Amino acid sequence: MNLLRSFATCATVAVCLMGFAAPAAHAVTIDWVTVGDPGNAADTTGYGAVPDAFQIMKFEFTNAQYADFLNAVAATDTYSLYNTNMGSNARGGITRSGTSGAFTYSIRTNMGDKPVNYVSWFDAARVANW
């Protein structure tokens, strides 16, 4: 399941992250853009109005960023933040090694800058809280 085509999309990671400031203690860098022009009118289709300014991620959340998150919080993976499809499916970009309590996560070759796949809405919410 590609995140761009599922309920739990990379955009969901971005949406979950809107309004959260990334803590300085984490190494993950997120580029933000402001969606502004508050109060602008909808277009002729009735869409496009932006009632308030907000920030959203400039780029999709990557395998490298998610692997950093997993290495920081999922040595035991109590909340099943790692999906085995990440390591076995061609669209996955992260592998896991070790045993529970000592799991480590690595980026698959040439997959670090690609959008992370197989992340649920709940996983995205955990990234946002992190």
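Reply: N117 sits in the loop between β4 (104-107) and α4 (121-129), where helices (H or I, at least four residues) and strands (E, at least two) are DSSP runs numbered from the N terminus. This is a predicted model, in which local features need pLDDT of at least 70 and side-chain atom pairs count only at pLDDT 80 or more, while totals for chains, interfaces and linings use all residues. Residues are numbered from 1 along each chain as its sequence is written, and side-chain values use heavy atoms, with hydrogens and water left out.

A polar atom of the N117 side chain lies 2.9 Å from the backbone oxygen of R91.

Elsewhere, the structure holds one salt bridge, that is, a side-chain nitrogen of Lys or Arg within 4 Å of a carboxyl oxygen of Asp or Glu. The partners are D77 and R96, whose closest N and O atoms are 2.9 Å apart; D77 lies in the loop between α2 (63-73) and α3 (85-88) and R96 in strand β3 (residues 94-97), so the pair ties together parts 19 residues apart in sequence. D77 counts as buried at 11% relative accessibility, whereas R96, at 30%, counts as partly exposed.

As for packing, Y66 is in contact (heavy atoms within 4.5 Å) with residues including F61, M86, V116 and V119, leaving aside its neighbours within four places in sequence.

Technical notes: Buried means under 20% relative accessible area, exposed over 50%, partly exposed in between (1.4 Å probe, protein chains only). A polar contact is a pair of N or O atoms within 3.5 Å; within protein, one must be able to donate a hydrogen and the other to accept it, and residues adjacent in sequence count only if both atoms are side-chain atoms.
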